[in-house]
Amino acid sequence: MGREFKETWSKIQKRIDLLIDKVENGTVYVLRSDVCIETNQLCTNLCMLQKKQKQQHSAKVESVSAAPDSDYQSMLYRKYRDVMESYLQTNVLPSLRTTIGTNAHTKESATQFLEEVRHRWYNHHVMIKWLKSAFAYLDNNYVRVLGVPTLYQVGLEVFHA
């Protein structure tokens, strides 16, 4: 993993942590849109930096590869999935397990559990929407070129898994 990627990912992760905090505290509505825009710019700049580096390298060796410039893009794509899976493992599943509790067979417990699933599904959808916007460069380039599942599809797949 390159230095640029590590440094940029650290900045992106801080913004994702802020999103998770806001989602978990029910205050996502106060998350400023510029945080998403900044995150999107970080992702785009990282991918464009690598593209520029590859173009410079190709010009030096006078050979152009047919493979898409996807190293940082594939790393960001994996990080997106990792973030979604981590959020579910760290926040969603423990909450659902706690809601089930010891009275798992009562009508009241079942109702509470379904309410928690609904609440968690809503939060997950907020996460997908925000991160999809932040990682838009991937959907517009990496996903389209390689034909891999869209970020929205990955987000749904992770929740349903």
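Reader: What secondary structure does the protein chain have, counting helices and strands?

Author: The protein chain has 6 helices and 0 strands, where helices (H or I, at least four residues) and strands (E, at least two) are DSSP runs numbered from the N terminus. Read from the N terminus, the order of elements is α-α-α-α-α-α. The model is predicted, with local features requiring pLDDT of at least 70 and side-chain atom pairs pLDDT 80 or more, while totals for chains, interfaces and linings use all residues. Residues are numbered from 1 along each chain as its sequence is written, and side-chain values use heavy atoms, leaving out hydrogens and water.

Reader: What makes isoleucine 16 count as buried?

Author: Buried means a relative accessible area under 20%, exposed means over 50%, and partly exposed lies in between (1.4 Å probe, protein chains only). Isoleucine 16 has a relative accessible area of 0% and is therefore buried. This residue belongs to helix α1. Apart from neighbours within four places in sequence, isoleucine 16 contacts Trp9, Val83, Leu131 and Phe135, a contact being heavy atoms within 4.5 Å.

Reader: Why does arginine 15 count as partly exposed?

Author: Its relative accessibility is 22%, which falls between the limits for buried and exposed, so the residue is partly exposed. Arginine 15 also lies in helix α1. Its contacts, leaving aside neighbours within four places in sequence, are Val35, Glu38, Thr39, Leu42 and Trp130. From C-alpha to C-alpha, arginine 15 and alanine 134 are 9.9 Å apart in space, although 119 residues apart in sequence.

Reader: How do you know that threonine 99 counts as buried?

Author: Threonine 99, at 19% relative accessibility, falls under the limit and therefore counts as buried. Threonine 99 lies in helix α3 and, leaving aside neighbours within four places in sequence, touches Ser109, Gln112, Phe113 and Glu116. For the protein chain as a whole, buried residues make up 36% of the 161 residues.

Reader: Why is the pair of phenylalanine 5 and tyrosine 72 called tilted?

Author: Rings of Phe, Tyr and Trp (its six-membered ring) pair if their centres lie within 6.5 Å; planes under 30 degrees apart count as stacked, over 60 as edge-to-face and the rest as tilted. The structure holds 5 aromatic pairs. In this one, the centres are 5.5 Å apart and the planes stand at 45°, so the pair is tilted. Phenylalanine 5 lies in helix α1 (residues 3-24) and tyrosine 72 in helix α3 (residues 71-100), so the pair ties together parts 67 residues apart in sequence. Both residues, phenylalanine 5 and tyrosine 72, are buried.

Reader: What makes the pair of tyrosine 80 and phenylalanine 135 edge-to-face?

Author: The ring centres are 5.7 Å apart and the planes are at 65°, so the pair is edge-to-face. Tyrosine 80 is in helix α3 and phenylalanine 135 in the loop between α4 (107-134) and α5 (136-146), 55 residues apart. Tyrosine 80 is buried at 1% relative accessibility, and phenylalanine 135 is buried with a relative accessible area of 0%. Ring pairs also link Trp9, Tyr80 and Phe135 into a cluster.

Reader: Why are α1 and α3 called roughly parallel?

Author: Axes are lines fitted to C-alpha atoms, for helices over the stretch in contact, and angles run from 0 to 180 degrees between N-to-C directions. Angles under 35 degrees count as roughly parallel, over 145 as roughly antiparallel, 65 to 115 as roughly perpendicular and the rest as oblique. The axes of α1 and α3 are 12 Å apart, and the packing angle is about 30°; the two helices are therefore roughly parallel. Their contacts involve residues including Phe5, Trp9 and Ile16 in α1, and Tyr72 and Val83 in α3.

Reader: What makes α4 roughly antiparallel to α6?

Author: The axes of α4 and helix α6 (residues 151-160) come within 9 Å and cross at roughly 155°, so α4 is roughly antiparallel to α6. Among the residues that meet are Trp121, His125 and Ile128 in α4, with Leu151, Tyr152 and Phe159 in α6.

Reader: Which residues of α6 are buried, and what covers them?

Author: The buried residues of α6 are Leu151, Val154, Gly155, Leu156 and Val158. Their cover includes α3, α4 and α5.
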